[in-house]
Amino acid sequence: MYNSKIIGLGKYVPENIVTNADLEKKIDTSDAWIQERTGVKERRHVVKGDGNTTATMAYKASKIALERAQIKPEELDLILMATLSPDYYFPGSGVLVQTLLGIAECPAMDIRMQCSGFVYAVATADQFIKTGMYKNVLVIGAEQQSGGLDMTTRGRNISVIFGDGAGAVVMTRAENNSVGVLSSHLHSDGEHAKELSLIGPNTNRWVHEIMAENDPEDISYYPYMNGQFVFKHAITRFAEVIQEGLDATGWKKEEIGILIPHQANLRIAQMVQRKFQLSDAQVFNNIERYGNTTAASIPIALTEAWEEGKIVSGTKVVLAAFGSGFTWGAIMIQW
Ligand code: ACO
């Protein structure tokens, strides 16, 4: 059995910055409300015609990660693409990234685990590397979700939170089993699936049926979130799964070099920080600049933390996520 480790990281966000003041012009909201409840100051949204899609942003982030890893695209054995906003219903966006990278053939798999997608993808890559089946795996989290948000006052509890972007890492076999991914912890519970969901169209109600009904009240094609319900579950599950990781590795909370929580909401991250009594230096947040980029949030934050020198050889890194499903998970990495 081999350990896996991350050897290259990259991120890409669209150039178009949407501030809270910009949103105030379209939605009955305020900079003060958004900052106080979510911590978001601005986010990036793609603009029609700027060439950014989930796959193209993923490609740009992946190119940087591959260059830093000094791995050529053709050396990849597997692509794992975490997204809830694939370019098409089918096929998934993993194959589109594969083609953009100029790889003639390699398995490319989409992972549909929403905000926990990147954590699930890293755990999956780790398993393939552990067994020796694959050596070099590209793991991506990417989202272009702004186009599907209800940018009117009706959708304000959701639309102010989310942003677009992509992050990617290259994982490979570690030189020994004392470094790299030490443990992964994955969970799902479908009981509350609808509390954070986008259910229309679906296999009981296809696009043509929705169009035929032509019901102006029907907004099932916009995401729905029971905000306070999600908030309460997120705090509990984040804490549980981080503790699970600490128990599995034997790390003390003071030893955590950096916790990269999924950037759901700054208040959630702060409550988790308080629960474990972590210092500001131990927790990385960038939600104020990008909003919640769902599956892309952890790889974007991980890349920035690494670029800022907060992750070096020997750092104990914790990735933790919670999201729609509900799904949640953590990855413990000895860098
Ligand atoms: N601007 C101004 N007012 C707003 C806005 C807005 N953007 N959105 C909602 N409001 C209003 C509501 O209409 C409501 O008004 P009312 O009291 O007159 O009815 C009031 O603010 C309070 O609404 P709540 O929904 O109860 O607001 P809450 O304090 O719960 O904050 C929020 C909403 C920010 C969504 C919060 O519930 C939350 O953070 N939930 C966690 C969910 C989360 O982080 N999701 C991220 C995606 S999921 C994930 O990544 C895991």
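Modeller: A residue is called buried if its relative accessible area is under 20%, exposed if it is over 50%, and partly exposed in between, as found with a 1.4 Å probe on protein chains only. Helices (H or I, at least four residues) and strands (E, at least two) are DSSP runs, numbered from the N terminus. This is a predicted model, in which local features need pLDDT of at least 70 and side-chain atom pairs count only at pLDDT 80 or more, while totals for chains, interfaces and linings use all residues. Residues are numbered from 1 along each chain as its sequence is written, and side-chain values use heavy atoms, with hydrogens and water left out.

The residues of H5 that are buried are Gly-117, Phe-118, Val-119, Tyr-120, Ala-121, Val-122, Ala-123, Ala-125, Asp-126, Ile-129 and Lys-130. Because 11 of its 15 residues are buried, H5 is largely enclosed by the rest of the structure. The length of H5 can also be checked. After H5 comes Gly-132, with a positive phi near 90°.

Val-170 belongs to strand S7, residues 165–173, and is buried, with a relative accessible area of 0%. Contact here means heavy atoms within 4.5 Å. Apart from neighbours within four places in sequence, Val-170 is in contact with Lys-5, Ile-6, Ile-7, Gly-8, Ala-65, Leu-66, Ala-69, Ile-71, Val-137 and Leu-138. By contrast, Thr-203 stands 33 residues from Val-170 along the chain, and their C-alpha atoms are separated by 35 Å.

Aromatic rings also bring parts of the chain together. Rings of Phe, Tyr and Trp (its six-membered ring) pair if their centres lie within 6.5 Å; planes under 30 degrees apart count as stacked, over 60 as edge-to-face and the rest as tilted. The whole structure has 5 aromatic pairs. In one of them, Phe-229 and Phe-326 are tilted, with 6.2 Å from centre to centre and 35° between the planes. Phe-229 lies in helix H8 (residues 227–249) and Phe-326 in the loop between S12 and strand S13 (327–334), so this pair ties together parts that are 97 residues apart in sequence. Phe-229 is partly exposed at 24% relative accessibility, whereas Phe-326 is buried at 2%. Phe-322 and Trp-328 make a tilted pair as well, at 6.3 Å between centres and 35° between planes. Phe-322 is buried at 3%, and Trp-328 is buried at 6%. Phe-229, Phe-322, Phe-326 and Trp-328 make up one aromatic cluster.

Charged side chains form a further set of links. A salt bridge is a side-chain nitrogen of Lys or Arg within 4 Å of a carboxyl oxygen of Asp or Glu. The structure holds 13 salt bridges. One of them joins Glu-304 to Lys-11, with the closest N and O atoms 3.3 Å apart. This pair links distant parts of the chain, since Glu-304 is in helix H11 (residues 297–307) and Lys-11 in strand S1 (residues 4–12), 293 residues apart. Glu-304 is buried, with a relative accessible area of 4%. Another salt bridge joins Lys-310 and Glu-308 at 2.9 Å, N to O; Lys-310 is partly exposed at 40%, and Glu-308 is partly exposed at 45%. Through shared partners, salt bridges join Lys-11, Arg-289 and Glu-304 into one network.

Lys-316 is found in strand S12, residues 316–323. Lys-316 is buried yet has no salt bridge, and the nearest side chain of opposite charge is that of Glu-255, 4.9 Å away. Leaving aside neighbours within four places in sequence, the residues in contact with Lys-316 are Trp-251, Glu-255, Ile-256, Gly-257, Ile-258, Ile-333 and Gln-334.

Methods: Lys and Arg count as positive and Asp and Glu as negative; His and the chain ends are not counted.
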